[in-house]
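Here is a short report on selected local features of one chain. The sequence and the structure come first, then the notes.

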Amino acid sequence: PHFFATAHNKTFYPVGENLAWIDPKRENYRTYFEKLSANHANWVRVWLCFWGLTELEWSSNQNQAYHGLKGYSLENAERIDQIFQAARDHGIFIQLVINHHGQYSTEVNPNWDSNPYNQANGGFLESPIQFFTHPEMKKRYKDRLRYLVARWGWTQNLFGWELWNEVNNTDALKKGTPAERQAVLGWHIEMARFLKALDPYDHLVTTSG
């Protein structure tokens, strides 16, 4: 019980790196996985982020692959399919990072100005802090979790789901009131329970901050 193990009860010791994103115009994940595998690595973190063309929803003025809140980017979903396949081919497990701090920050690596949920871009959130409390946002996030589990939950080399990269750098925790900061904890409990109940393969669920 003190170590990671596969479904077949074999010890799994993750060795790897935070391969958060690459420049899809110049680089290929397969090249990284080949080098990692050759050096006995077996684990990476991969972010869903708009500049790496792995995000599902973002403002359409950032890239033609995005459609704002009108629908997920199926081009990027296919790209994630290919990332998982390339990783499987080289024995690499992926820890998939669903959100990163910049999406809901106005101070730390801020992307709020181009976030499609921002009211200024046609969304319904008045501020980044509302991500953790707005009922419609919670509903849409749960819809996203359903999609993630349906599309990639089956993959044999999914190590786990990471709800946030550095949630401590979001406005809610950097600038929020005590009640708003407490709401972040409540959000994590709610979403982690929802995801665990949804995922038939019982992958690990984590966050970072």
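## Two positive phi angles

Glu-166 sits in the loop between β4 and α4. The model is predicted. Phi of Glu-166 is positive, about 55°, although the residue is not a glycine. Most residues other than glycine have a negative phi. Glu-166 counts as partly exposed, at 32% relative accessibility.

His-40 also has a positive phi, near 70°, and is a residue other than glycine. His-40 lies in the loop between α1 (29-38) and β2 (43-47). Its relative accessible area is 69%, so His-40 is exposed, because the cut-off for exposed is over 50%.

## Asn-165 in strand β4

Asn-165 belongs to strand β4, which covers residues 158-165. Is Asn-165 buried or exposed? Its relative accessible area is 5%, so Asn-165 is buried; the cut-off for buried is under 20%.

The side chain of Asn-165 makes a polar contact of 2.9 Å with the side chain of Arg-45. Neighbours within four places in sequence aside, the contacts of Asn-165 are Arg-45, Trp-47, Val-97, Asn-99, His-100, His-101 and Ser-208.

Helix α3 runs over residues 135-152 and has 18 residues. From first C-alpha to last, α3 reaches 26 Å. That is close to the 26 Å expected at 1.5 Å a residue.

Which residues of α3 are buried? They are Met-137, Tyr-141, Lys-142, Arg-144, Leu-145, Leu-148, Val-149 and Trp-152. These residues cover an arc of only 155° around the axis, so they fall on the same side of α3. The cover over the buried residues of α3 includes α2 (74-89), β3 (93-100), β4 and α5 (178-198). On the face turned away from the buried side, α3 carries the exposed residues Pro-135 and Ala-150.

## Ala-172 in helix α4

Ala-172 is part of helix α4, residues 171-174. With a relative accessible area of 1%, Ala-172 is buried. What does Ala-172 contact, leaving aside its neighbours within four places in sequence? The partners are Ile-129, Phe-132, Glu-180, Arg-181 and Val-184.

Ala-172 and Gly-102 are 70 residues apart along the chain, and their C-alpha atoms are separated by 12 Å.

Methods
Residues numbered from 1 in each chain as written. Predicted model: local features only at pLDDT ≥ 70, side-chain atom pairs only at ≥ 80, totals over all residues. Heavy atoms only, no water. Helix = DSSP H or I, 4+ residues; strand = E, 2+ residues; numbered from the N terminus. Buried < 20%, exposed > 50% of the residue type's maximum accessible area, 1.4 Å probe, protein only. Polar contact = N/O pair within 3.5 Å; in protein donor to acceptor, adjacent residues only side chain to side chain. Contact = heavy atoms within 4.5 Å. Expected span 1.5 Å × (residues − 1). Arc of directions from axis to C-beta.
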